[in-house]
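Biologist: Could you walk me through reading aromatic rings in a model like this one?

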Amino acid sequence: MEAFIYARRSSDRQNEESTAQQIAECKRVAERLGYIVVRIFADEAKTGKNDRRPEFQKMVRAIEAGKCDVVIAYKSNRISRNMLQALTYENRFEKCGVKMVYAKE
């Protein structure tokens with residue numbers, strides 16, 4: 001199964017894992033589950049309160065074009081800080097046949 005990885009960090013001032021750390025953990029999960037990572041999307045210094053993030057939107061378009069089977073993110077709050085929005089995206093991805101996997105949840 002082909003996988004995308006999505007990572008996001010809000011800002012350098014916040015105490016959260018760097019996108020590099022998130023990606024490394026997601027790669028470990030992909031390897032453990034037997035997924036082949038075909039693309040990585042990462043937004044730096046972008047809020048999770050809305051979905052106006054360039055790399056996130058590129059990923060959404062690629063998912064809708066059928067380019068992967070799985071999306072791996074560090075935690076669900078990397079997709080969105082708004083839980084309703086995160087669930088809406090999970091549902092949207094699922095309708096495209098794409099499964100969400102979270103490395104730390």
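Biologist: Which residue lies over the face of Phe 56?

Modeller: A charge sits over a ring if NZ of Lys or CZ of Arg is within 6 Å of the ring centre and within 35 degrees of the ring normal. Here that's Arg 53, at 4.5 Å from the ring centre of Phe 56. Bear in mind this is a predicted model, where local features need pLDDT of at least 70, side-chain atom pairs count only at pLDDT 80 or more, and totals for chains, interfaces and linings use all residues. Residues are numbered from 1 along each chain as its sequence is written, and side-chain values use heavy atoms, with hydrogens and water left out.

Biologist: How many aromatic pairs does the structure hold?

Modeller: Rings of Phe, Tyr and Trp (its six-membered ring) pair if their centres lie within 6.5 Å; planes under 30 degrees apart are stacked, over 60 edge-to-face, the rest tilted. There are four pairs. In one of them, the planes of Phe 4 and Phe 41 are at 70° and the ring centres 5.1 Å apart, so it's edge-to-face.

Biologist: Where do Phe 4 and Phe 41 lie?

Modeller: Helices (H or I, at least four residues) and strands (E, at least two) are DSSP runs, numbered from the N terminus. Phe 4 is in strand S1 (residues 2-9) and Phe 41 in strand S2 (residues 36-44), 37 residues apart.

Biologist: Are Phe 4 and Phe 41 buried or exposed?

Modeller: Buried means under 20% relative accessible area, exposed over 50%, partly exposed in between (1.4 Å probe, protein chains only). Both Phe 4 and Phe 41 are buried. Phe 56 is buried too, at 0%.
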